[in-house]
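Welcome to this short tour of a protein model. Have the sequence and the 3D view ready, and follow along from topic to topic.

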Amino acid sequence: MAKTYKLYIGGAFPRSESGRVYPVTDPQGKFLANAAHASRKDVRDAVVAARKAFPGWSGATAYNRGQVLYRVAEMLEGRREQFVSEVAASEGLAPSQAESLVDAAIDRWVWYAGWTDKIASVLGAANPVAGPYFSFTVPEPTGVVGVLAPQESSLLGLVSVLAPVLAGGSTAVVVSSAERPLPAITLSEVLATSDLPGGVANVLTGRAAELGPWLASHGDVNALDPTGATPEDRITLAREAAGTVKRVLTVPDAEPDWTLTPDLSRLRRYLEAKTVWHPLGV
Amino acid sequence: MGIFEYAPAPESRDIANLKDHYRPFIGGEFVDGSGEPLKTVNPATEEILAEVGTASVSDVDTAVRAARKAYDTVWSKMPGSERAKYLFRIARLIQERSRELAVLESLDNGKPIKESRDSDVPTAAAHFFYHAGWADKLDYAGYGPNPKPLGVAGQVIPWNFPLLMLAWKIAPALATGNTVVLKPAETTPLTALVFAEICQQAELPPGVVNILPGAGDIGAAVVEHGDVDKIAFTGSTEVGKLIQRTVAGTRKKLTLELGGKAANVVFDDAPLDQAVEGIVNGIFFNQGHVCCAGSRLLVQESVAEEVMEKLRYRVSTLRMGDPLDKNTDIGAINSAEQLAKIRGLVESGDAEGAQRWTSPCPVPDRGFFFAPTVFSDVHQSMRIAREEIFGPVLSVLTFRTPDEAVAKANNTPYGLSAGIWTEKGSRILWMANKLRAGVVWANTFNRFDPAAPFGGYQESGFGREGGRTGLEAYLSV
């Protein structure tokens, strides 16, 4: 039965402040559900929630973050059938194709879950400086990341852009695919019932073209992934982002093949390198 | 002369081999730029040092073509082990010409010779040594096998560390196989053009390094040029934002090293005499013309009076004057414009009710000088606590608890550096963790090394320079 879905902000499922909804259809135009149509105010509420969750999530041990993310993967797998039918309906795929995408999404989440406690040893360093100092560099999460999720790949693409944000210890405000939001909504339900603290991931259904500029210009958003924006809109977003020297991910014009094994580039983009110096002596 | 006074000990300006006229360096040759020549001034005397030919926008194009040709035909194809040899050679030549470079730098910039001699020039050489070793080991840098260079790098650097910033930019670019078009600052172009001579002496292939003196319009032309693949900028946050906006939507990779308003946090258990040395070094090094200068001192309330007393005494012993004198601690402000900016911000501190104390040191009659100044009773809302002054002006605030120190330290859109002074190791690590800054100095300040990544959070920019992390800026990864 067709349902009316809501947003996912701060661990709760509010309606859009605007009261707006929009119909979601499959590629053939068949009505699937109504989704909440997020507004500027919803974006701001989600940023507040993400900021509030940042100290706890970034301050959690890497071991803990890894387990929480792995638990999300477990629960994703628990709702495999629902994801398969939603991905198939959203993307107009045969069930077998949707199955392999859902399985890849689960594997992707597990891959990033395993990175949390390895990032510092792979990307950090003890710096052999020329002097009596102990100098070391550790990667730290950038902060609140605004993510415009891929428009086409409704689950695997979404997981591929969200998981690296969370694995690095940043928190996220995600705008889902506008036409294919159902797997994102179900993922929200998975996140809400997992051990992920409320506010660490916030999922808005709505239009990237409308919500992207608010994320790009927001003073409390530290980084922006413009994947779900059109190539033309990305230029405007990048200009807006310059007002706060935001980190903006460089993304290819067309949506990449999400089934390929990722490298560290997405993880790295949401990390800052902090170098600490201390004198050596007796 | 009293018994403990210093006799003047000036370094000879002849060592600088100063020429009347300098020219842009394009495609391996010194050429007449078609821009309006500029006169570079000794800020300590206001005398004209030399005339410098500048580039025009069409020269920018010529330089980018030269860099592209060198990239395509020679530099990107050369084995890393061969590139390494050029970088090692350049490092050696900088060391061999270090006295000349140091004196020239102090003449053109106004910084004390002891700083250019003991810090700027040796560290510039160290950057070439460090990166030379990376040139043939990029497979091990952690970006996967066989990482590729980007192409032509456009680089714009500031006037506060003219040669050192050049080394920070050029060494990693060349090591990773990129070629370079660099614009030095308008007021300090001379050591960059001597560096061009060093490139010739090192027999660096023509076009690998191009140096274009000029003003902001030339920097903008480099940033906007369609055949430039990477932009590296060090300078003000204001200009950095403009550049980010300009580059938006292009394929150019961008790194920015922008302003700062660093908090230097002193706890009551800190070794206070050492802390005072660190505070002085943090804000008065290079006349405070340091983006990571410790310009906001946060002192725990219980020791604030004691620290202020020690600080005023120590600052009053700093000797201001001739940058070429080996006994000079504080040299000249780089330009009349910068001096006016410092004065304006200091006046705002007076107007907003902070307590100003200025060192009683004698101020030279000529040249651009500003006596070391410390403001107490500073509140977070004041301009002197929020804005980068980029001069020898310290703002002092107090705190009671470590949490309050963290909150005040992080209360800024900048995030370049921070200092912590305490004997308690666990507190150092806790604070270092909490501070939103790219570099944290504990019980020390203003330490730099090519092996240690440097760069900012938030509006202090993005990207790192130095270390393995810094290589990313010049690789397609």
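Predicted model: local features only at pLDDT ≥ 70, side-chain atom pairs only at ≥ 80, totals over all residues.

Residues are numbered from 1 along each chain as its sequence is written, chains are lettered from A and ligands numbered from 1 in the order in which they are written, and side-chain values use heavy atoms, leaving out hydrogens and water.

**Two helices side by side**

- The axes of α3(B) (residues 98-109) and α6(B) (residues 190-201) come within 9 Å and cross at roughly 155°; axes are lines fitted to C-alpha atoms, for helices over the stretch in contact, and angles run from 0 to 180 degrees between N-to-C directions.
- Helices (H or I, at least four residues) and strands (E, at least two) are DSSP runs, numbered from the N terminus.
- On the α3(B) side, the contact (heavy atoms within 4.5 Å) is made by Glu100(B), Leu101(B), Leu104(B), Glu105(B) and Asp108(B).
- From α6(B) come Leu190(B), Thr191(B), Val194(B) and Ile198(B).

- Pro112(B) sits in the loop between α3 and α4 (113-134) of chain B.
- Pro112(B) counts as buried because its relative accessibility is 0%; buried means under 20% relative accessible area, exposed over 50%, and partly exposed in between (1.4 Å probe, protein chains only).
- Leaving aside neighbours within four places in sequence, Pro112(B) has contacts that include Gln287(B), Pro323(B) and Ile330(B).
- Gln287(B) belongs to the loop between α9 (272-284) and β12 (296-300) of chain B.
- With a relative accessible area of 0%, Gln287(B) is buried too.

**Positive phi angles**

- Most residues other than glycine have a negative phi.
- Gln287(B), which is not a glycine, has a positive phi of about 55°.
- Asn146(B), also a residue other than glycine, has a positive phi near 55°, and lies in the loop between α4 and β6 (152-156) of chain B.

**A buried serine in chain A**

- Ser176(A) is found in the loop between β6 (171-175) and α7 (182-193) of chain A.
- Its relative accessibility is 1%, so Ser176(A) counts as buried.
- Not counting residues up to four places away in sequence, Ser176(A) touches several residues, among them Ala149(A), Gln151(A), Leu204(A) and Gly206(A).
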